[in-house]
Each structure stands twice: as C-alpha cells, then as structure tokens.
Amino acid sequence: MSLPLFNPFDPQYVADPHAYYARLRQTAPVQRAVLPDGQVVWLLTRYDDVEAAFTDPRMVKDPRNACSPEQLARMPARPQSTRYTRTNMLSRDAPDHTRLRRLVSKAFTPRMVEQLRPRVQAIADALLDAVAARGEMNVIDEYAFPLPITVIAEMLGVPVADRDQFREWSDAILTAIPPQPATPVAVAALEGLAQYLEGRFEERRRAPAEDLITGLVQAEEAGDKLSKDELQGMAYVLLVAGYETTANLIGSGVLALLQHPNQLAKLWADPTLMPSAVEELLRFTSPVKTSTLRYAAADVSVGDVVIPKGEMVLVIITAANRDPARFPSPDTLDITRSDNKHLAFGHGVHYCLGAPLARLEGEIAFGTLLRRLPDLRLGVASETLTWRPSFGVRGLERLPVRF
Ligand code: HEM
C-alpha cells in the first residue's frame with residue numbers, strides 16, 4: 001500500500017495545520033508518511049507519544065548513531081556548506097550535545113536572563129516610540145522580529161544594524177533544515193552567514209568583549225572544547241533559534257489575543273495574568289510546529305506500532321499541544337488555564353535552551369503593547385492574513401494593526 005503524502009507546503013495545511021493534525025491524531029496517531037522528495041518519515045501527534053519521544057534515549061539526533069551503512073548511503077547528499085546545520089547542539093547526541101550545551105547554558109539561565117529585563121523593556125519601548133504617532137504598524141516587521149533579533153544580537157555581540165541581513169539569511173536557511181532538500185538559495189544564505197560570522201570571530205579574537213562570541217572564540221582557541229565547525233554551528237543556532245521562534249510567538253500571540261477579545265480584556269484588567277497568558281499563547285500558537293528530526297536507534301514501539309531502527313521521526317508539537325486527551329477544550333484560548341504543561345519548548349535533553357529568554361521577551365512584548373496601545377485592533381480582516389510556508393515554524397507573513 002502506498003504511503004500518504006505529508007506536504008508541509010500544501011496551502012491548505014499552511015493555512016490550518018490544526019485541522020490536519022486533529023484528523024491524524026484521531027485516525028493515525030503514529031503515521032508513516034512520505035515527504036514530497038520521497039523520504040519516509042514517521043509523524044507522532046498524540047501528546048503522550050510526543051512527550052515520550054522527546055525523552056526516549058533511543059530517539060537520537062545524529063543519523064550515524066541510528067542508521068545502518070545502507071540507510072546512511074540512501075540519504076540525500078547535502079553540500080559541505082550546510083554542515084553547520086549538523087554541527088550544532090540541536091543535531092547532536094551525548095556526549096557532544098552535553099559538551100556544546102554546557103558551553104553556553106550559563107548565559108541562558110532564568111537568573112542571567114532576568115538581568116536583561118531592563119534592556120528588553122527599553123528595546124520594546126523604542127520600537128513602539130518609532131510607530132506611536134502613526135496609529136498603525138505591521139507587528140511582524142516592526143515589533144515581533146526586531147525585538148528578539150536585537151536582544152540575541154546584543155548577547156552574541158554582532159552588530160544589530162545587520163539585522164535585516166540576518167533575517168534574509170535565516171528565512172532562506174529555514175527552508176533547508178533537514179529533511180528539506182538544501183536549495184541553492186539556502187546554501188548561498190548559509191555560506192553568506194558563515195562568512196559573516198567568521199568576520200565577527202576574527203574581530204573578537206583581536207578585541208575580546210563581554211559577549212557570547214568572545215566566550216565561544218576563547219573556547220575554540222582552548223583546543224579541546226569546541227572545533228571550528230562547532231563554533232560556526234553554535235553561533236548559527238543561537239542566532240537563528242534566538243529570534244525566528246520568539247518573533248512568531250509575539251506575532252501569532254498578538255493575533256490570538258486580538259481574535260479573542262474576552263481574553264484580551266481579562267489581561268488588560270489584570271496584568272498579573274501575563275505569565276500564565278504567555279504559557280497559554282505558547283501552547284495555543286506553537287511557534288515551532290515540528291521538532292527537528294530524530295532517528296530511531298532501535299526498533300521502538302509506540303502504541304501498537306513499531307518504528308523500525310534507522311527511520312526518521314518527526315514529533316509534532318502543534319498536535320500534542322492541542323491533544324484533547326491532555327488539554328480540556330484544547331482549541332479554546334484560556335489565559336487562566338492551569339495544568340498547562342505544553343510542549344512548545346520541547347522536552348528532555350534538547351529542551352529549549354532559550355525558554356527563559358523567550359518567556360521574558362514574550363511577557364515584555366505583550367505587556368508593553370497592551371499598556372502603551374490600549375485600543376489596539378486588527379488593521380485588516382482576519383481572513384486576509386497569511387502564514388509563511390515553512391516546514392518547522394509557524395508565523396504570519398504580516399500583521400497590520402491600528403491603535
Ligand atoms: C517562543 C520561542 C521559542 C520556541 C517556541 C522554541 C522552541 C524550541 C524547541 C521546540 C526546541 C527543541 C527542538 C527539538 O528537540 O527538536 C528548542 C531548542 C532550542 N532552542 Fe528554542 N525556542 C524558542 C526560543 C529560543 C530562544 C530565544 C533561543 C535563544 C538562543 C533558543 C535556542 C534554542 C537552542 C539552542 C535549542 C537547542 C537545545 C538543545 O539541543 O539542547 N530558543 N527550542
């Protein structure tokens with residue numbers, strides 16, 4: 001029997017992945033499917049299965065730890081310049097994953113991140129100062145993206161003035177994260193970013209500063225902690241994961257609030273609900289739709305299905321976060337929801353390194369918007385809004401608002 005096609009670029013799916021996943025969760029929660037380029041992948045959509053896959057040590061990131069030589073040989077070849085998508089912590093297993101994560105984890109602890117609060121607040125205020133008199137803005141381009149890009153650029157120590165260039169590169173790079181094929185545009189973007197980062201590394205070797213790049217360059221020079229390719233992979237993953245995700249939390253979160261005026265009114269009336277609202281917006285919008293690829297390192301039983309060793313697995317965060325077996329009325333936005341153990345940041349050893357930062361940025365972004373623009377409303381009809389076609393992340397193309 002031929003396998004069903006999973007096409008993450010199908011316009012119907014891009015417009016409403018929830019409907020697609022609800023069907024899958026009910027009828028085939030452990031589904032073997034084929035991608036448009038012929039690769040076979042397992043899709044997990046139930047909360048319990050997704051959570052288990054995130055913590056199962058037999059679900060590994062590096063195919064060399066799971067696949068037979070024949071399976072490895074059948075994988076599509078990827079150009080050498082895409083190697084940074086494989087040398088970063090998100091694509092590695094212990095002990096390399098542990099070593100890489102440890103090098104930067106201190107900078108992202110809740111305590112360290114809390115110290116950034118005044119700076120994140122100042123960035124949010126400056127972005128709104130720039131549009132306040134106009135009475136309208138495109139939330140995506142003028143707020144949701146520039147806020148986290150500025151924060152992560154400053155943490156890393158790369159010039160914020162280059163943020164439009166990062167965005168252009170990362171847009172292209174996201175289209176080539178495996179299992180997607182590496183297109184010439186994505187390869188050019190990866191090469192452009194790598195060359196750019198190399199320039200920043202050189203600067204910090206000459207003139208160290210108080211930033212993450214300086215720390216990483218010094219770790220690379222120490223010899224045994226970080227190779228040259230890993231240095232590139234690290235800077236790349238922090239930069240791209242540091243804003244593509246949070247920008248979509250802010251954009252989709254603002255839209256969700258504007259589409260649920262009763263929830264928005266509640267939040268306006270009681271700003272102490274903000275932390276719980278951010279958790280609910282993370283669950284409801286799932287800025288990262290699917291995890292990065294995992295490979296079964298052994299035959300793994302999921303329910304009554306066996307995923308054979310060496311096969312690719314995608315855990316679908318969006319589907320888990322809307323699973324009625326875990327969340328009562330999962331399609332309802334309820335900013336007071338308790339017991340909200342969503343999987344928007346993943347789970348287990350690869351649990352999002354930037355979660356405390358993303359939460360802080362979300363709180364400040366929503367809080368500042370509501371406080372400063374009290375009559376915020378959509379600038380266009382909801383039905384005209386479109387979503388960026390993307391394999392792994394879900395975000396709006398634009399979000400015009402008036403105030
Ligand atoms: C709302 C915003 C964010 C969301 C929804 C999100 C989501 C995720 C998810 C789902 C994973 C796990 C993927 C997997 O296991 O396959 C992850 C990992 C990661 N995230 Fe985030 N993320 C966000 C913000 C950030 C920020 C601000 C940073 C800052 C640098 C960041 C850096 C990372 C890194 C480095 C990893 C890899 C961790 C590891 O492999 O150990 N993320 N994120």
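Mentor: Helices here are DSSP runs of H or I with at least four residues, strands are E runs of at least two, and both are numbered from the N terminus. Proline 95, for instance, sits in the loop between H4 and H5. Mind that this is a predicted model, with local features needing pLDDT of at least 70, side-chain atom pairs counting only at pLDDT 80 or more, and totals for chains, interfaces and linings using all residues. Residues are numbered from 1 along each chain as its sequence is written, and side-chain values use heavy atoms, leaving out hydrogens and water.

Trainee: What makes the bond from alanine 94 to proline 95 stand out?

Mentor: That peptide bond is cis, with omega near 5°. Most peptide bonds are trans, and most residues other than glycine have a negative phi.

Trainee: How do you know whether serine 286 is buried or exposed?

Mentor: Check the relative accessible area: under 20% is buried, over 50% is exposed, and in between is partly exposed (1.4 Å probe, protein chains only). Serine 286 has 1%, so it's buried. Aspartate 339 has 56%, so that one counts as exposed.

Trainee: And asparagine 88, why is it called buried?

Mentor: Because its relative accessible area is 3%. Asparagine 88 is in the loop between helix H4 (69-74) and helix H5 (96-105). Not counting residues up to four places away in sequence, it touches Leu100, Gly233, Met234, Tyr236 and Val237, where contact means heavy atoms within 4.5 Å.

Trainee: What makes asparagine 88 and leucine 90 a polar contact?

Mentor: A polar atom of the asparagine 88 side chain lies 2.9 Å from the backbone nitrogen of leucine 90. The cut-off is a pair of N or O atoms within 3.5 Å; within protein, one must be able to donate a hydrogen and the other to accept it, and residues adjacent in sequence count only if both atoms are side-chain atoms.

Trainee: Why is H10 called roughly perpendicular to H13?

Mentor: Helix H10 (residues 163-174) and helix H13 (residues 228-259) pack at about 95°, with axes 11 Å apart. The axes are lines fitted to C-alpha atoms, for helices over the stretch in contact, with angles from 0 to 180 degrees between N-to-C directions. Under 35 degrees is roughly parallel, over 145 roughly antiparallel, 65 to 115 roughly perpendicular, and the rest oblique. So H10 is roughly perpendicular to H13. Among the residues that meet there are Phe166 and Ile173 in H10 and Tyr236 and Leu239 in H13.
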